[in-house]
Amino acid sequence: MLKLMYQLWAGLSGDKLEKLQEEEQVEKPFIRKQMKIRFPERGRSGKEVVTIKNMGFSYEDKVLFEKANISIGRGEKIAIIGPNGCGKSTLLKLIMGLQSPDNGEVILGEHNVLPNYFEQNQAEALDLEKTVLDTVAEVAEDWRIDDIKGLLGRCNFKADMLDRKVSLLSGGEKARLAFCKFMVTPSTLLVLDEPTNHLDIPSKEMLEEAISEYEGTVITVSHDRYFIKQIVNRVLEVKDGNLEDYNGDYDYYLEKNLDAREKALEREAELEDKSPKAKAKSKMSKAEREARKKQKMQAFQQAKQKSKGLKNSKRWN
Ligand SMILES: Nc1ncnc2c1ncn2[C@@H]1O[C@H](COP(=O)(O)OP(=O)(O)OP(=O)(O)O)[C@@H](O)[C@H]1O
């Protein structure tokens, strides 16, 4: 029936269709409108957003930064990466002024740099006595109530949950609510610490889309490589107490950083092996799969050797 209606819809045009609609012989097809969510921006910041000069920072005897230097400009979308415990979250706290450097300086630009910080434990800071809707509505400036409800809906809060007290929400629901609150706060700089943790796929997509449209500056720590790949145009790696600067997207970083690329390939191969779909579909025996994996690694090693050769040849020129 529905199919027939669509055929009619496609096959008829102009007056005839309208006439049929008026006579209610043809229904308009239901087109689901996906509400676009954008981070509210409060004007534009100056060109210089964050400057780090010869910064040193330690927790007791654990040295995290020695002499880090970096300059972040308006509109850049930056991922901070590095192994667990290297100091990524601490770097965000230093940028936010929640920690002070032992040496050197961390300076936020003077002109209209308005940060919106998403901490890892954001959900713990929610007021338990407020309702779901009030939690978001109170920080949202210039948002229509229907749009706030739309945002909450996209984050899987059904209509009957809007008046529920935060104290009655599960951990995951609190995390999604904290995320909605973050999404409506005006800013010119987003500082994100693992923003995709606890988010379902539609919310992650919404975040990626909102970041792509955001004209301000974004600095994010994330282990979610897919997320990083989608959004960033510069990568900062925390390494040996310093910040290594890769002025390109995540693929550029992998291209330049052979160790990271090797790890990425290993992870890919592991995932391929673990995937039940791949297992079911694959007619290859275990030995064949192993051989294929080996082949891939060999090809990679050859590329690595070649690139080393090129690097060295450049060095002699
Ligand atoms: N308040 C603190 N006092 C003492 N040590 C701390 C404190 N906060 C963090 N650390 C330690 O400093 C190091 C860096 O912590 P940080 O959270 O910045 O790392 P990270 O790179 O973000 O780690 P992860 O990827 O695991 O989240 C860790 O070894 C951590 O245990």
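Helices (H or I, at least four residues) and strands (E, at least two) are DSSP runs, numbered from the N terminus.

Residues are numbered from 1 along each chain as its sequence is written. Because the model is predicted, local features need pLDDT of at least 70 and side-chain atom pairs count only at pLDDT 80 or more, while totals for chains, interfaces and linings use all residues.

A residue is buried if 20 or more other C-beta atoms lie within 10 Å of its own, exposed if 12 or fewer, and partly exposed in between, with C-beta atoms placed from the backbone.

| Helix | Buried residues |
|---|---|
| H3 | six of eight residues |
| H6 | eleven of 14 residues |

In H3, the buried residues are Lys-88, Thr-90, Leu-91, Leu-92, Leu-94 and Ile-95. Gly-97, with a positive phi near 75°, follows this helix.

The buried residues of H6, including Phe-179, Phe-182 and Met-183, pack against E5, helix H4 (132-137), helix H5 (145-154) and helix H7 (201-213); contact means C-beta atoms, placed from the backbone, within 7 Å. The length of H6 (residues 171-184) agrees with expectation, because its 14 residues should span 20 Å at 1.5 Å a residue and its end C-alpha atoms are 21 Å apart. The expected span is 1.5 Å times one less than the number of residues.

An open sheet of six strands has the order E5-E6-E7-E3-E8-E9, with mixed pairing. Two strands pair if DSSP finds at least two bridges between them. Strand E5 (115-118) and strand E9 (242-246) are the edge strands, each pairing on one side only. Within the sheet, strand E3 (residues 77-81) and strand E8 (residues 234-239) run parallel and are joined by four bridges. Ala-79 stands opposite Val-235 in E8.

Notes:
Two residues are in contact if their C-beta atoms, placed from the backbone, lie within 7 Å.
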